[in-house]
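Please keep the sequence and the coordinates at hand while reading.

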Amino acid sequence: MTESANPGAAGLNVDATTLLGGGSLGRQAIVTGIAIVLGLLIGAVLIVLSGVIGPAQSFDPTLPIAGYAALLEGALGGPKAIANTLNSATPLIFTGLSVAFGFRAGLFNIGANGQLLVGGFCAAIVGTSVALPFPLAAIVAILAGGLGGALWGFIPGALKAWRGAHEVVTTIMLNSIAFLLLNLLASSIFKDQGATFPRTPDVLPGSVLPIILVNTRLHAGILIALATTFVVWFLLFKTTLGFEIRTVGANASAARYAGMRPAFITILTMSLAGALAGLGGTVEILGITKNYPAEYIVNFGFDGIAVALLGRAHPFGVVGAALLFGVMRAGAGAMQRATDIPVDIISIVQAVILLFVAAQIIIQQLLPAARPKGPVEPSAAAA
Amino acid sequence: MTAATSSVAVLRRDARLVWIGVAIGLIVLALAALLLDVPYLGSFVDWLINRVPPLSYLIVQYAVPIAFGALCGVMCERSGVTNIGIEGMILTSAFVAFLTGAYLHTVVGAPLAAIIGIGTAIVAAMLLSTLHAWLSITIKADQIISGTVINILALGGTAFFNQLLVSTTRLSGTNTLPRLDVPNELAAVPFIGPIIDALLNQGPIAMSLIVLVVFLQIMLFRSRWGLRTRAVGEHPKAADTVGIDVVRTRYRSVILGGVFAGLAGAYLTLEQFNSFQDNMTGGVGFIGLAAMIFGRWTPLGAYGAAILFGAVQSMQLAVRISPPEGDLGGIISAIPPQVFGMLPYVFTIIVLAGVVGRAVPPAADGIPYDKEARG
């Protein structure tokens, strides 16, 4: 446990070893795979149940197969479907990276949703006012989005480092504040007077992310997401700063004795995590909606927690997990149209997967191959 | 210093506090009377005194689910388990209560259906809190993630079954639980009349809240049970050493917390509204968390914070229904509703940042207990 200068900061720090699980990459992959299979199995049970209690009123044990087939067809059948899947995965890559980045420094960024909103709003506003040709205006808008998110991440980082306020609680509060504040701004000062519902004006053509696959809606956001993933990986694992971040996350006291600066790292990490989430909102606004609607209700930030955990807080793992969730999100609509299974089954499956990843000890006990060798290290969090 | 002298000092301090309280009260009353004559403020104070009291029952109404959510948080965190899944627990139990009422009121009649609905809501929330307890205490999984799982599961699960069972069949709920009629003579008493009216002109769940708050406050801070509960939240190792079963105490507290979350849910669909909408809690569990912090992890404090947050929310409604007059009234009316919505969260951040007072959580909050660990 860190010896914080402040009692308010005691407890609750993310313990990377319990969170991410011990063991080799292979064992982690087994645990993750089993969690996904269990999630889909429990989803299948609910799908059968939905046939019985739903309007159809029939017991159909093959309904899960039909449902999942429709989901896969809707997500991967043809270029248009794949484009939608990649578009769905894009914001999740960003929020997943944001949460994973926080995990690495021992911080739990539950505020990715708010940071995403602020980033998206800033990008929308800058995108409507900067009249430059295409790449320049888009770059300025993207930078604005990243900065907006960074600001919303800086606040909980500074509150934690300087005042000892726990980031989980402050980011929960900041999520709600962000939504209400932007709801107010988008329906008053920045409102598009011609629009039928309160929203900001459409961004200028120079800021819109271009379509990168003809006849689909695939926008350049996925490329930005993949490039960002590489940058985050490089920063975390190939630079001194990344080493410092991971050391503070592993043991803040040891890091302090080694001459590192936990307070500075906390603020920096939360700001960068905020920037990553803000970029997620930015590509979503510049690529999909083109404006910021006052009632912009999204759950990317909370899905990002699941993505980060499923991806073991590793940037490349995050991309894989985001793609999996992207498949589910993009295919859910087609599944509902084909089989009347409500799209919300996806959220249940995701929650169950997250449950089994968080409680991986259950899987480890069921399966000897997934068990880490040797005695389990005593938890660093026990005070 | 001996124990005797220190307790005398405490008594003296208590007496001084009472006098300070009385003095502040008198000054406020005098100021209010004076302000009524000030042209600029007068009409606003007049509005506050004469128009807002009829709306004060709304304040209590807004406060009920927040306060129950906060009580859930108090029980969990006092015993050392963080719970951010309160929102999901409330949403689930609201849905279960609605379903129970909707299916049973044609069979057993509305009053009995509502009572059974309260029961099923509590059971549903207790099941979820047992899951949370098992994940956080036995499995020692990360408690924030456990709470997140419950929130996602509740949001998706209630929407899933809502679409299957309610939206497609147009299932309608049972009647809302009736409110107590307060005699006019009692409500007409100056000053305290409106307050009594606001507190008592409520349904059974809202009224049970006040009793539960006081009871829990006394139990937590004046009973052996409360001392043990707080001990495992502050220093589980020490509690274990003197023979308190840390794991059992934590389980009990978290599951008891679930009872309160269940009551919050039942209140929403059986007493306040007669219907269920997807994500109808809309963050009330998180405001409850804020009220818990604002109230310094005590039941009475949390209730006070819930009333304050409820007042802020109904202020927004009061301004819309009967706008205050005068210059200051105009300014108040011009404040956008979102600002009122933001205030509870802003207050909580200010308190957490220690700008005004400081909120310090129980020392072992969020840390799984490891019997073998040194420390």
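Leaving out residues up to four places away in sequence, A:T32 touches A:L310 and A:V357. The model in which these contacts are found is a predicted one, and the residue that makes them, A:T32, sits in helix α2 of chain A, which covers residues 25–53. Is A:T32 buried or exposed? A residue counts as buried if 20 or more other C-beta atoms lie within 10 Å of its own, and A:T32 has 25 such atoms within 10 Å, so that it is buried.

Chain A contains 15 helices and 0 strands, and of its 383 residues 60% count as buried. Among the contacts in chain A with a separation of 6 or more, 78% are accounted for by residues 24 or more positions apart.

If one takes the contacts in chain B between residues at least 6 apart in sequence, 78% of them join residues at least 24 apart.

Among the elements of chain B, the lowest mean pLDDT, 62, belongs to helix α1 (residues 3–35), whereas the highest, 95, belongs to α12(B). Over residues 1–5 of chain B the pLDDT is below 50, and this stretch has 1 contact in the model beyond near neighbours in sequence. For the model as a whole, the ipTM is 0.86 and the pTM is 0.86.

How many residues does each chain bring to the contact between them? Chain B contributes 53 residues and chain A contributes 49 residues. On the side of chain B that touches chain A, the helices α6 (143–167), α13 (284–294) and α16 (337–352) of chain B each supply at least two residues, and α6(B) gives the most, with 15 residues. By residue class, this side of chain B divides into 33 nonpolar, 14 polar and 6 charged residues.

Helix α6 of chain B also holds B:Q143, a residue that counts as buried because it has 28 C-beta neighbours inside 10 Å. When residues up to four places away in sequence are not counted, B:Q143 touches B:V81, B:T82, B:S136 and B:G366.

The largest nonpolar core has 228 residues, and the members that touch the most others are A:L354, B:A67, B:F68, B:L71, B:A291 and B:A306. Helix α3 (residues 56–78) of chain B provides the largest share of this core, namely 15 residues. As for B:F68, its contacts, leaving aside neighbours within four places in sequence, are with B:L209, B:F260, B:A261, B:L263, B:A264 and B:Y267. A second, separate core has 5 residues, including B:A231, B:V232, B:A239 and B:Y369.

Where do they meet? On α10(B) the residues are B:R228, B:T229 and B:V232, and on α12(B) they are B:V246, B:T249, B:R250 and B:S253. The residues of this contact divide into 2 nonpolar, 3 polar and 2 charged. Within α10(B), the residues B:R228, B:T229, B:R230, B:A231, B:V232 and B:G233 are buried, and the buried residues of α10(B) pack against α3, α9 (204–222), α11 (236–241) and α12 of chain B.

Technical notes. Residues numbered from 1 in each chain as written. Chains lettered and ligands numbered in written order. Predicted model: local features only at pLDDT ≥ 70, side-chain atom pairs only at ≥ 80, totals over all residues. Contact = placed C-beta atoms within 7 Å. Helix = DSSP H or I, 4+ residues; strand = E, 2+ residues; numbered from the N terminus. Nonpolar A, V, L, I, M, F, W, Y, C, P; charged D, E, K, R; others polar. Core = buried A, V, L, I, M, F, W, Y, C linked by C-beta atoms within 7 Å. Buried ≥ 20, exposed ≤ 12 C-beta atoms within 10 Å, placed from the backbone. pLDDT = per-residue confidence, 0-100.
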